[in-house]
Amino acid sequence: LERTYFFFQTRDDLGKLSDTLLSKLRANDIAGAKAAMKASPSTEALVALAGLDSVEDGHAAAGTRMAKETQLARLAMERNLAFLGTVGNNAPFVGLLGTVIGVIRSFHELNESLGTVSAGLMAEIGEALVATAIGLIVALPAVAAFNFFQRVIKTRVSRGEALGKEVLAYLESPRRAAPAAKPAAKD
């Protein structure tokens, strides 16, 4: 639930965000582009903002800083997912352990009843099957949620990189406003 809330709170309309970024960059409005990225709650905007904060340092520095921000964003998005993956992967084994214990108890009950099928034997077998079902009931939603969140993370990282490429394209553009020349020092 926590990751669902996180992803819900950090979503944004990427098309609109990309259009805003592109229009600001085409107008050489770096301050406006930064403001638009800061106003977005999305992790994708953080990547572009890292590049915009490095415009004066050049293409290579902007690319490096955006790559760093992409990795930090990925880590933030992956927080708590290891637990979900562990639960999903191990719940069937816990259910299997319950099944094995139930079968062992069933054999013990069968031995005590001298080989006749009794209500106690059936109860032990039923308990063993319930343990298997509980393990699967826990595992299936956990694995589905884990896979869904991994897909969301992959999509958001790709979208962040796409926004970052807009910044890099701006830095390579001949239309980009050249930095103001420093006045020559007088002797």
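User: In this predicted model, which residue meets Arg159 in a salt bridge?

Analyst: The side chain of Arg159 takes part in a salt bridge with an N to O distance of 2.7 Å. The pair links distant parts of the chain, helix α7 and helix α4, 115 residues apart. The partner of Arg159 is Glu44.

User: Is Glu44 buried or exposed?

Analyst: A residue counts as buried when its relative accessible area is under 20%. Glu44 has a relative accessible area of 1%, whereas Arg159 is partly exposed at 24%. Glu44 is therefore buried.

User: How many salt bridges does the count come to?

Analyst: In general, side chains of opposite charge can pair when their charged atoms come close. One of the salt bridges here joins Arg65 and Asp57, whose closest N and O atoms are 2.7 Å apart. Arg65 is partly exposed at 36% relative accessibility, and Asp57 is partly exposed at 48%. The count of salt bridges comes to seven.

User: How many residues apart in sequence are the parts that Arg79 and Glu2 tie together?

Analyst: The side chains of Arg79 and Glu2 meet in a salt bridge, 2.9 Å from N to O. Arg79 lies in the loop between α5 and α6 (81-112), and Glu2 lies in helix α1 (residues 2-9), so the pair ties together parts of the chain that are separated in sequence by 77 residues.

User: Which residues are joined with Arg79 into one network of salt bridges?

Analyst: Arg79 is partly exposed, with a relative accessible area of 45%. Glu2 is also partly exposed, at 34%. Through salt bridges that share partners, Arg79 is in one network with Glu2 and Arg3.

User: Over which ring does the charged end of Arg3 sit?

Analyst: Arg3 belongs to the salt-bridge network with Glu2 and Arg79. The charged end of Arg3 also sits over an aromatic ring, 6.0 Å from its centre. That ring belongs to Phe7.

User: Which residues form one aromatic cluster with Phe6 and Phe7?

Analyst: Phe6 and Phe7 are both buried. Their aromatic cluster takes in two further residues, Phe148 and Phe149.

User: Which element gives the most to the largest nonpolar core?

Analyst: The largest nonpolar core has 21 residues, and Leu21, Leu25, Met37, Leu52, Val167 and Leu171 touch the most other members. Two or more residues come from each of α2 (14-26), α3 (30-39), α4 (43-52), α5 (59-78) and α7. With six residues, the element that gives the most is α4.

Conventions:
Residues are numbered from 1 along each chain as its sequence is written. This is a predicted model: local features need pLDDT of at least 70, side-chain atom pairs count only at pLDDT 80 or more; totals for chains, interfaces and linings use all residues. Side-chain values use heavy atoms; hydrogens and water are left out. Buried means under 20% relative accessible area, exposed over 50%, partly exposed in between (1.4 Å probe, protein chains only). Rings of Phe, Tyr and Trp (its six-membered ring) pair if their centres lie within 6.5 Å; planes under 30 degrees apart count as stacked, over 60 as edge-to-face and the rest as tilted. A charge sits over a ring if NZ of Lys or CZ of Arg is within 6 Å of the ring centre and within 35 degrees of the ring normal. A nonpolar core is a set of buried Ala, Val, Leu, Ile, Met, Phe, Trp, Tyr and Cys residues joined through side-chain atoms within 4.5 Å. Helices (H or I, at least four residues) and strands (E, at least two) are DSSP runs, numbered from the N terminus. A salt bridge is a side-chain nitrogen of Lys or Arg within 4 Å of a carboxyl oxygen of Asp or Glu.
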